[in-house]
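Subject: Structure handover

Hello,

Here is the structure we spoke about. Please open it beside this email and follow along as you read.

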Amino acid sequence: MAVTREQVLQIAALARLELSDSELERLTGQLNRILEHVDELAELGSLEGVPEAGAADRTAPLRDEESKPDALVVPPSELAPDWREGFFVVPRLAALDAGES
Amino acid sequence: MAFPGLADLVAEIRSGKRTAADTVAASCRAITEAESGATPLGAFLAFDPERAASDAARIDAALAAGHAAGPLAGVPVAVKDNICTVDYPTTCGSRILQGYRSPFDATAVRRLREAGAVIVGKTNLDEFAMGSSTENSAFGPTRNPHDPTRVPGGSSGGSAAAVAAGLVPAALGSDTGGSVRQPAAFCGVVGIKPTYGRVSRYGLVAFASSLDQIGTFGRTVADAALLLQVISGPDPRDSTCADRPVPELTVALEMDARGLVVGVPREYFPPELDPRIAELCRAALDRLARAGAEIREVSLGHTRYAIATYYIIAPAEASSNLARFDGVRYGFRAEADNTVAVYERSRSLGFGEEVKRRIVLGTFALSAGYHDRYYGRAQRVRTLIAREFQEVFASGVDVLFTPTTPTLPFRFGERSDDPYAMYLADVFTVTANLAGIPALSLPIGAVDGLPVGGQLLADRWNEAGLVRAAAALEQALQEG
């Protein structure tokens, strides 16, 4: 299948990416070339009954349910640009200034 | 500089024939020299001779005080820059993480340090490990030490080049679709991707979580295997890291090829394979046969769907994993007048072209209406690919042998404009990640001075068999 510029723009918005016109043009062409190859998977016909690979085919080991403090090698106060009274201080977002919630 | 093999190097440091300080200083001098001048190698994104010297002095002091020395006492090791370290930045080769410093060491790094290794620096990579040439790094490319006009492979190109250029005797990389084995082949060193779950991913910045594994580089099979031995084993901080005993790889190194059944999948020798690489593969198989191995042709019919499968699953997982880089929690942040615009602008300016391409592709593959057609289908084909490997190994084949790459190292820019052509560089390596099996690349010869790698693959958890076959082949090739 082929994707349109509008679809790519919509997907980029979902992924929180801004694309310039030239980026959009290039990316649409490249995605269509990639999807052309990916569509070869259709040759395999119905895959009814074949399970999807994933976590189910690998048993993850469970650890004992006990809480342990995970001591950081470097304390957060030394990592943060600003740290006051046990909290990270981050720049105020303009949206908050404008009263947006 | 030429380091001896790791076993000999550690023995010399332990016996006092050389010190950790001298060894690490020699490595740092070599790095400084390689990274200066008109055409720097571009293998390192960060290195710190003073810090390394201080770590090495601690090892020497411990040895002098008679404390037990670890199996890597005093060994300088380089670490790919998508693996977290407290004492160096971890950038993933991306502007969005420029200057980011992790508050913890990755488990693999912690184990290296506990074994006495000294981390001398962080190595270059394709941004977030997405690429096959190291051209996608935001901080400039790495050059191939065998020909500076050519790529070192990727995405762990910095680690492979650092070992190949003799700057360090060993290094860590990560392998999601071939990112250890392909640069190992292009740079003429040994690279191992372990079984999925053999090495903890704690502290490896996630690209595609069901495919990512930390792997090792060395100049010889023994060196790469020793590093793997040290970093392997269960870790309560990674639930996908298996609670299984780690095999003694040093024992496997001593075994020969007699009785070994080597499968050769015909699908890995297609017409488009460079005939000079095919010829070297045939010669390597001939050596293995003469050393007592049985060579058996096999078929892995779904191989032709592997690239398409991989380039749906890996971008899908990447689109989810990279959602965390939003300009708020880590590194680079662009200013904008509302929250969503901060996210969008930070990500758009912080990520490079290949990363954005894969995020968009992955978001598309997971989006409503296309999920079953793309992601669901790819996950089913992945099952078929894994089953095929299981059947071949269940039929009595101990290891498979294939070329690692279809071509010789290419020139800078040669594939930059065609993403799919670049993806095809991984055509022989992605299957091991999709199936979760261990695989290794080792040098099997050269064409016009450019190295060629051969790939061995084994059943899940059979790193011992993989290392045995690789050491036997290495030995057979040396004997000529």
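Two strands count as paired if DSSP finds at least two bridges between them. Helices (H or I, at least four residues) and strands (E, at least two) are DSSP runs, numbered from the N terminus.

This is a predicted model, in which local features need pLDDT of at least 70 and side-chain atom pairs count only at pLDDT 80 or more, while totals for chains, interfaces and linings use all residues. Residues are numbered from 1 along each chain as its sequence is written, and chains are lettered from A and ligands numbered from 1 in the order in which they are written.

The sheet of chain B

In chain B, 11 strands make an open sheet with mixed pairing, in the order β1-β3-β2-β4-β6-β5-β10-β11-β9-β7-β8. At its edges stand β1 (44-47) and β8 (294-298) of chain B, each with a single partner strand, so one side of each has no neighbour in the sheet. On average, neighbouring strands of this sheet are turned by 30° against each other, direction ignored. Axes here are lines fitted to C-alpha atoms (for helices over the stretch in contact), and angles run from 0 to 180 degrees between N-to-C directions.

Some pairs can be followed one by one. Strand β2 (residues 76-80) of chain B runs parallel to strand β4 (residues 170-175) of chain B, and 3 bridges join them. In this pair, B:Val77 is opposite B:Ala170 of β4(B). Strand β5 (residues 190-193) of chain B is antiparallel to strand β10 (residues 439-447) of chain B, again with 3 bridges; B:Gly191 has B:Ser441 in β10(B) as its bridge partner.

On to the next pair: β10(B) and strand β11 (residues 450-458) of chain B are antiparallel and share 8 bridges. B:Leu442 faces B:Gly454 in β11(B). The two strands, β10(B) and β11(B), form a hairpin with 2 residues between them, and B:Asp448 in the turn has a positive phi of about 50°.

Helices of chain B

Helix α5 (residues 157-164) of chain B lies across β1, β2, β3 (118-123), β4, β5 and β6 (213-218) of chain B, and runs at about 155° to β4(B).

Two packed helices are described by the angle between their axes and the distance between the axes. For helix α7 (residues 221-231) and helix α16 (residues 463-479) of chain B, the axes come within 10 Å and cross at roughly 160°. This makes α7(B) roughly antiparallel to α16(B). (Angles under 35 degrees count as roughly parallel, over 145 as roughly antiparallel, 65 to 115 as roughly perpendicular and the rest as oblique.) The contact involves B:Val221, B:Ala222, B:Ala225 and B:Leu228 of α7(B), and B:Glu463, B:Val467, B:Ala470, B:Ala471 and B:Glu474 of α16(B). Residues are in contact if their C-beta atoms, placed from the backbone, lie within 7 Å. By class, the contact of α7(B) with α16(B) has 7 nonpolar, no polar and 2 charged residues. Ala, Val, Leu, Ile, Met, Phe, Trp, Tyr, Cys and Pro count as nonpolar, Asp, Glu, Lys and Arg as charged, and the others, Gly among them, as polar.

Chain A has 4 helices and 2 strands, which run α-α-α-β-β-α from the N terminus on. Of the 101 residues in chain A, 14% are buried. (Buried means 20 or more other C-beta atoms within 10 Å of the residue's own, exposed means 12 or fewer, and partly exposed lies in between; C-beta atoms are placed from the backbone.)

How many residues of chain B touch chain A? There are 47, in contact with 38 residues of chain A. The largest share of this side of chain B, 11 residues, comes from α13(B). The residues of this side divide into 22 nonpolar, 13 polar and 12 charged.

Helix α2 (residues 21-38) of chain A packs against helix α10 (residues 306-321) of chain B at an angle of about 125°, with the axes 8 Å apart. That makes α2(A) oblique to α10(B). A:Ile34, A:His37 and A:Val38 of α2(A) meet B:Ala308, B:Tyr311 and B:Ile312 of α10(B), and this contact has 5 nonpolar, 1 polar and no charged residues.

The helix α2(A) also packs against α12(B), at about 60° and with axes 11 Å apart, which makes α2(A) oblique to α12(B). Here A:Leu27, A:Gln30, A:Leu31 and A:Ile34 meet B:Arg357, B:Val360 and B:Leu361.

Regards

Note on methods. Two residues are in contact if their C-beta atoms, placed from the backbone, lie within 7 Å.
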